Amino acid sequence: PWIRSKSIILTKQHPEYDDYVSASFLDISMEQKSKCFRKVFIYISNREHTWTSVECYFKYFARDGDHLIIGTRIPQEMLDPYSVIFKKHMKTASSTATLSANAKLTYYEDLEQTCEDACEDVLKYIYYKTFVYDKKIKFTINMSKSGDLKNCVETFLKEYDPHLILITSI
């Protein structure tokens, strides 16, 4: 897909995924094969109940050959250098810290690393689940910088055009 938003995107797959896709539908081209497998979208946040969608997917819906797309976003308050989170970060960094350019740069570098680490953790968790449920899938985590939840989910759906969407709420 063509990504229009500022995002961190990481992809991984089960070690047998390529072999499974190659061996499936032997009489059609690789370009046509990509249309034979589902794209499944799940939106997660830092709220525990959104993770039930991942469990539900693996327990009831997962199929070999799926491409699971996990969408999430960086909360807007983490992107605002004048937010409480930023000021709290600066207090821990230095008691006399001001909102200087260097302080902002350091904050955003730390935020970028934190986001990359969070994406890697999600990938590790999904990778583990592929073995628990013995599913040969490809999976992508897309962490968007978009602040508005509705706009963020709509953008994900336009970008990936999934066949199945799982979103959990309370």
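Select Glu 55 to begin: this residue is partly exposed, with a relative accessible area of 27% (buried means under 20% relative accessible area, exposed over 50%, and partly exposed in between, using a 1.4 Å probe and protein chains only). You are looking at a predicted model, in which local features need pLDDT of at least 70 and side-chain atom pairs count only at pLDDT 80 or more, while totals for chains, interfaces and linings use all residues. Residues are numbered from 1 along each chain as its sequence is written, and side-chain values use heavy atoms, with hydrogens and water left out.

**From Glu 55 to its partner**

Glu 55 forms a salt bridge with Lys 129, and their closest N and O atoms are 3.0 Å apart (a salt bridge is a side-chain nitrogen of Lys or Arg within 4 Å of a carboxyl oxygen of Asp or Glu). Because Glu 55 lies in helix H3 and Lys 129 in helix H6 (residues 101-132), the pair ties together parts that are 74 residues apart in sequence. Helices (H or I, at least four residues) and strands (E, at least two) are DSSP runs, numbered from the N terminus. Lys 129 counts as buried, at 9% relative accessibility.

For another one, pick Asp 66 and Arg 38, whose side chains meet at 2.6 Å, N to O. Asp 66 lies in the loop between H3 and strand E3 (67-73) and Arg 38 in the loop between helix H2 (30-33) and E2, so this pair joins parts that are 28 residues apart in sequence. Asp 66 is buried, with a relative accessible area of 2%; Arg 38 is buried too, at 15%.

Next, go to Lys 136 and Asp 134, which meet in a salt bridge at 4.0 Å, N to O. Lys 136 counts as buried at 15% relative accessibility, whereas Asp 134 is partly exposed at 48%.

Switch to a cartoon view and select the strands. Five of them form an open sheet in the order E1-E4-E3-E2-E5, with mixed pairing (two strands pair if DSSP finds at least two bridges between them). At the edges are strand E1 (7-13) and strand E5 (164-166), each pairing on one side only. Zoom in on E2 and E5, which run parallel and are joined by three bridges. Ile 42 has Leu 166 in E5 as its bridge partner.

Then show helix H7 (residues 149-160), which packs on the sheet and touches E1, E2, E3, strand E4 (138-144) and E5; the direction of H7 makes about 170° with that of E2. Contact means heavy atoms within 4.5 Å. Axes are lines fitted to C-alpha atoms, for helices over the stretch in contact, and angles run from 0 to 180 degrees between N-to-C directions.

**A loop stop at Ser 45**

Select Ser 45, in the loop between E2 and helix H3 (52-61). Which residues does Ser 45 touch, not counting those up to four places away in sequence? They are Thr 50, Trp 51 and Thr 72. Ser 45 and Thr 72 are 27 residues apart in sequence and 5.8 Å apart in space, C-alpha to C-alpha.

**Last stop: confidence**

Finally, colour by pLDDT, the predictor's confidence in each residue, from 0 to 100. The protein chain has a mean of 82, and 82% of its residues reach 70 or more. Among its elements, strand E2 (residues 39-43) has the highest mean pLDDT (95) and helix H5 (residues 84-93) the lowest (59).
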